[in-house]
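The exercises below concern the protein structure shown here. Each task is followed by a solution that goes step by step.

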Amino acid sequence: MVDKNEVKRKILEFFNEIENKGAEEIKEIKKLAMSFNVRLRELRKNFCKNCYSPLIPGVTSEVRIKNGIKASKCRICSYINRWKLKQG
């Protein structure tokens with residue numbers, strides 16, 4: 001039986017090496033996190049919401065910051081991922 005702490009450790013190790021991962025592997029790790037009710041928090045910003053490819057600035061994504069919003073455009077599917085930036 002796998003416990004929640006083991007799953008958290010596995011997810012952190014996975015996202016440390018996200019440059020070498022594919023969309024299918026990212027889908028599987030997200031499914032694992034959801035099944036154990038583990039929040040990805042800031043880690044979810046490392047992959048595209050649409051095609052699940054890793055977002056690497058300058059390689060697989062274009063990043064723009066305007067009016068307190070970070071927009072990361074995926075170069076694979078052209079989806080624009082948007083996040084509010086923290087104030088202060």
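**Exercise 1.** Determine whether Glu62 is buried, partly exposed or exposed, and identify the residue with which Glu62 forms a salt bridge.

*Solution.* Step 1: the relative accessible area of Glu62 is 32%. Step 2: residues are classed as buried under 20%, exposed over 50% and partly exposed in between (1.4 Å probe, protein chains only), so Glu62 is partly exposed. Step 3: a salt bridge requires a side-chain nitrogen of Lys or Arg within 4 Å of a carboxyl oxygen of Asp or Glu; Glu62 meets Arg75 in this way, at 3.5 Å from N to O. Step 4: Glu62 belongs to strand E1 (residues 61-66) and Arg75 to the loop between strand E2 (69-74) and E3, so the pair ties together parts that are 13 residues apart in sequence. Arg75 is also partly exposed, at 44%.

The model is predicted: local features need pLDDT of at least 70, side-chain atom pairs count only at pLDDT 80 or more, and totals for chains, interfaces and linings use all residues. Numbering starts from 1 along each chain as its sequence is written, and side-chain values use heavy atoms, leaving out hydrogens and water.

**Exercise 2.** State how many salt bridges the structure holds, and describe those of Glu13 and Lys27.

*Solution.* Step 1: the structure holds 5 salt bridges. Step 2: Glu13 pairs with Arg9, with the closest N and O atoms 3.1 Å apart; both residues lie in helix H1, 4 residues apart, about one turn of the helix. Step 3: Lys27 pairs with Glu24 at 3.9 Å between the closest N and O atoms, and these two residues lie in helix H2, 3 residues apart. Step 4: Lys27 is partly exposed at 36%, whereas Glu24 is exposed at 54%.

**Exercise 3.** List the secondary structure elements in order, and describe how helices H1 and H2 are arranged.

*Solution.* Step 1: the chain has 2 helices and 3 strands, where helices (H or I, at least four residues) and strands (E, at least two) are DSSP runs numbered from the N terminus. Step 2: their order from the N terminus is α-α-β-β-β. Step 3: the axes of H1 (residues 4-16) and H2 (residues 23-35) come within 10 Å and cross at roughly 155°; the axes are lines fitted to C-alpha atoms, for helices over the stretch in contact, with angles from 0 to 180 degrees between N-to-C directions. Step 4: H1 is therefore roughly antiparallel to H2, a term for angles over 145 degrees.

Conventions
Parallel < 35°, antiparallel > 145°, perpendicular 65-115°, else oblique.
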